[in-house]
Amino acid sequence: MPSSDPDPDSRHDLRRRLRRRRRALAIAAPDAGEAAARHLPPDALPRVRTFAAYLPAGGEIDPGPLSVRLLALGAERLLPRALEDGSLKFLDAPLDAPLAPDAVGVPAPLPDSPERRPDLVITPLVGFDRFGGRLGQGGGHYDRALERLRRTGPVFVLGLAFAGQEVDRLALEPHDQTLDAVLTEAGYRSLPQA
Ligand SMILES: Nc1nc2c(c(=O)[nH]1)N(C=O)[C@@H](CNc1ccc(C(=O)N[C@@H](CCC(=O)O)C(=O)O)cc1)CN2
Ligand SMILES: Nc1ncnc2c1ncn2[C@@H]1O[C@H](COP(=O)(O)OP(=O)(O)OP(=O)(O)O)[C@@H](O)[C@H]1O
């Protein structure tokens, strides 16, 4: 896949093509989430007390097996809730937490669940590159949330994806937040920021 272009139309096009590809990858490799979880090196991450996962949709790779691994190490799971103002909150979400649609219709913990700061954010993504570039759904939700978290303390940002979601090089914009590492069914890679 060729690199993206900074102009919004081609970003939109790239996103559409990558979403289609992601759905095909999800059908071809339904066990990718399990394989990815096995590839997480035990010492790769700083000590994780709280991690933000997501509920997979649109062919996103399933963070469930990785979440089970982190829960077994004693970490607590959080899930994002998108608010009307375009921000994301990370709320306590044990595996049996009740859910209700957020501002964009995605199932999320109930609005009055306790808000927590994640040490690790497992981000869904549409595409990524080997320099840490990340293309998301286009709402800027994760970009804004990660910018705020990084401004106020340490946080490790792990992209979870199918290996086939890698592109040559994304044309990043100033607000784009990069990934510290990416985990796929093919392995774990720490990503240099460039
Ligand atoms: N699983 C998951 N949860 C998430 C996100 C996400 O990307 N994935 N978000 C990330 O910000 C936040 C919610 N924001 C979102 C913003 C836009 C779309 C969106 O445009 N979805 C496409 C569906 C894509 C597809 O089905 O292939 C759409 O509705 O057209 C989804 C979530 C928080 N929760
Ligand atoms: N830190 C920020 N402050 C203000 N606006 C932002 C910020 N980050 C992103 N945005 C806005 O959000 C919109 C979408 O950004 P972008 O296309 O980079 O989203 P994305 O990274 O694909 O999606 P997401 O982060 O939700 O997964 C852009 O119009 C951008 O101006």
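User: Where is Arg-189 found?
Analyst: Arg-189 is found in strand β11, residues 187-190. Strands here are DSSP runs of E with at least two residues, helices are runs of H or I with at least four, and both are numbered from the N terminus. The model is predicted, so local features need pLDDT of at least 70 and side-chain atom pairs count only at pLDDT 80 or more, while totals for chains, interfaces and linings use all residues. Residues are numbered from 1 along each chain as its sequence is written, chains are lettered from A and ligands numbered from 1 in the order in which they are written, and side-chain values use heavy atoms, with hydrogens and water left out.

User: How does Arg-189 count in terms of accessibility?
Analyst: Arg-189 counts as partly exposed because its relative accessibility is 33%. Buried means under 20% relative accessible area, exposed means over 50%, and partly exposed lies in between, with a 1.4 Å probe and protein chains only.

User: Turning to the ligands, which residues come nearest to ligand 2?
Analyst: Arg-15, Arg-134, Gly-136, His-141 and Asp-143 come nearest, out of 14 residues around ligand 2. A residue is near a molecule or strand if one of its heavy atoms lies within 4 Å of it.

User: What polar atoms lie by the oxygen atoms of ligand 2?
Analyst: A polar backbone atom of His-141 is 2.7 Å from an oxygen atom of ligand 2. For Asp-176, an N or O atom in the side chain is 2.9 Å from an oxygen atom of the ligand. With Gln-137, a backbone N or O atom lies 3.4 Å from an oxygen atom of ligand 2.

User: How much of ligand 2 does the protein bury?
Analyst: The protein buries 71% of the 640 Å² that ligand 2 exposes when taken alone. Accessible areas come from the Shrake-Rupley method with a 1.4 Å probe; for residues, only the protein chains shown count as cover.

User: Which elements give two or more residues to the shell around ligand 2?
Analyst: They are α1 (8-28) and α4 (141-152). The largest share of this shell, four residues, comes from α4.

User: And ligand 1, where does that sit?
Analyst: Ligand 1 sits in the largest pocket, and ligand 2 sits in the largest pocket as well. A pocket is an open set of points on a 1 Å grid over the protein atoms alone, where a 1.4 Å probe fits, with protein on both sides within 12 Å along at least five of seven lines. A molecule sits in a pocket if more than half of its atoms lie within 2 Å of its grid points.

User: Which residues are closest to ligand 1?
Analyst: Of the 14 residues that surround ligand 1, the closest are Arg-23, Leu-55, Glu-60, Gln-137 and His-141. A polar side-chain atom of Arg-23 lies 2.9 Å from an oxygen atom of ligand 1. A polar backbone atom of Leu-55 is 2.7 Å from a nitrogen atom of the ligand. The protein covers 73% of the 670 Å² of accessible area that ligand 1 has on its own.

User: Finally, is Thr-178 buried or exposed?
Analyst: Thr-178 is buried because its relative accessible area is 16%. Thr-178 is found in the loop between β9 (156-160) and β10 (181-184).

Conventions: A polar contact is a pair of N or O atoms within 3.5 Å; within protein, one must be able to donate a hydrogen and the other to accept it, and residues adjacent in sequence count only if both atoms are side-chain atoms. On a 1 Å grid over the protein atoms alone, a cavity is a set of points where a 1.4 Å probe fits but cannot get out, and a pocket is an open set with protein on both sides within 12 Å along at least five of seven lines; lining residues have an atom within 4 Å of a point.
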